[in-house]
Each structure stands twice: as C-alpha cells, then as structure tokens.
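This briefing is for a reader new to the model shown below. It covers a ligand site and a sheet.

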Amino acid sequence: MAARNISRFWEWGRKIICVGRNYADHAKELKNAIPTEPVLFLKPPSAYVREGSPILVPLYSSNLHHEVELGVVIGKGGTAIPQSAAMEHVAGYALCLDMTARDIQDECKSKGLPWTLAKAFNTSCPVSDFIPKDRIPDPGNVKLWLKVNDQLRQTGCTSQMIFSVPYLISYISEFISLEEGDLILTGTPKGVSAVQEHDELQAGIEDVVAMNFKVERH
Ligand SMILES: CC(=O)CC(=O)C(=O)O
Ligand SMILES: [Mg+2]
C-alpha cells in the first residue's frame, strides 16, 4: 500500500477539533464570556472542502457566517502531551474556515443543545493547501485575513489568541488523544459576518497562503 502523504491530511478521515472563543475581541462581538479554559467542539472529516468546490449553505440556515482560523496539522500522535513537547507533534498548518450556521448555533445555545448542526455540516471546513511547519516559524505570530467579494471583513493575528498552540495541544490531548493527520482549528478573530449564495470568499495568511471559495445553495 502506498504511504499516505500528510500534505493531503484532509483525505485521511481524521478528526477536526475546534477551539471556540479563543480571541477576546470575537467573544465580545458575540456577547460571549471570555473563557478561562478552551471551549472545544468537533467537526467530522466530511466537513472538509477544497478550492474548486463550493461552500454549501445548509438548507436549514439563513445566516451562514465565515470564521477564518489557523489550523494546526498533527504529525505525531499522543496523549497528555506536555506543553514543552507540543511543537514536536506539529507537522504543519493550514488556513481554515469554520463555517457556522449562526442562527442554528444561537437556537442551540438558547436550548442548551450541542452545536453539531451549526458547525459540522458538509463543507463547513474549507481548507487551504498544507503549509509545512518551517513556513510558519512562530504560530503565535500569524496574520490572518478574510474578504467577501473583495471587501475586507476579518483581520487578526494569532498573538491575540487567549490560549497558545502549545497550550491547546497539551490541553486537548489530556482528554482526546491526538493522531497523525488530525487538525486543530484555533479560533477566529473578530469580524465574522453573514455570507450569501454567489458570494466569493478570499482568505489568507500574510506572505504564506491564499485561497478562494464560492458560496452556493444546495
Ligand atoms: C462562538 C463560536 O462560534 C466559537 C468559534 O467557533 C470561534 O472560533 O470562536
Ligand atoms: Mg470558530
């Protein structure tokens, strides 16, 4: 059997672990409390979508939001990884969108229900090409941006994150063992907003990667 290539991690069927409210400015814009511990949720591998295929608005949502995020690709699995060793488990990075059906999320929040249908639907995780680890020497200083139809909506730097990449790897792996090919979405900065059918999303990491996606309805 041919060896699997980590640079196509989205084909491996591994888990996507998402961190929410990791930027104080975004927590504030949605009137959420600033967390004292990471807020975690999951997306299935069927959430992945790559450039060339559209982001699909779920039939049940009329308020689909973009969230641009740094993704961390795990290269070596582990459980209860100490912070001091966390970066040894990173193979590289990807630029990611955590597409969110905000109306459904609000409804789930008000009923105390899980966010699954708001966060984990097909095409809810657009990803860029794999970014090898050496292209991002410091994951704590990565500048992210996102435009909708050429209008800048989100900018942020991972230096604003409440919980750093090594802290998140250590924290998550205490409860959920990490495996090679897993992806961690590290949360979004402020500026999230609604997208409509036919919109064009452009997003990037300054000097490293850029990607484009079209929004369509089912
Ligand atoms: C409120 C959220 O949707 C949390 C989230 O995903 C984030 O990135 O923050
Ligand atoms: Mg998010």
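Two strands pair if DSSP finds at least two bridges between them, and strands (E, at least two residues) and helices (H or I, at least four residues) are DSSP runs numbered from the N terminus. The model is predicted: local features need pLDDT of at least 70, side-chain atom pairs count only at pLDDT 80 or more, and totals for chains, interfaces and linings use all residues. Residues are numbered from 1 along each chain as its sequence is written, chains are lettered from A and ligands numbered from 1 in the order in which they are written, and side-chain values use heavy atoms, with hydrogens and water left out.

Sheet
- In β8, Ala-101 is the bridge partner of Leu-64.
- Strand β5 (residues 64-65) is joined to β8 by 2 bridges, and the two run antiparallel.
- An open sheet of 3 strands has the order β8-β5-β14, with antiparallel pairing.
- β8 (100-101) and β14 (194-195) are the edge strands, each with a single partner, so one side of each has no neighbour in the sheet.

Ligand 1
- The residues around ligand 1 (a heavy atom within 4 Å) number 15, and Arg-21, Glu-67, Glu-69, Asp-98 and Lys-119 come nearest.
- β1 (16-20) and α2 (102-111) each supply at least two residues of this shell.
- Polar contacts are pairs of N or O atoms within 3.5 Å.
- A polar side-chain atom of Asp-98 is 2.9 Å from an oxygen atom of ligand 1.
- For Glu-69, a side-chain N or O atom is 3.0 Å from an oxygen atom of ligand 1.
- A polar backbone atom of Thr-188 lies 3.1 Å from an oxygen atom of ligand 1.

Terms used
Polar contact = N/O pair within 3.5 Å; in protein donor to acceptor, adjacent residues only side chain to side chain.
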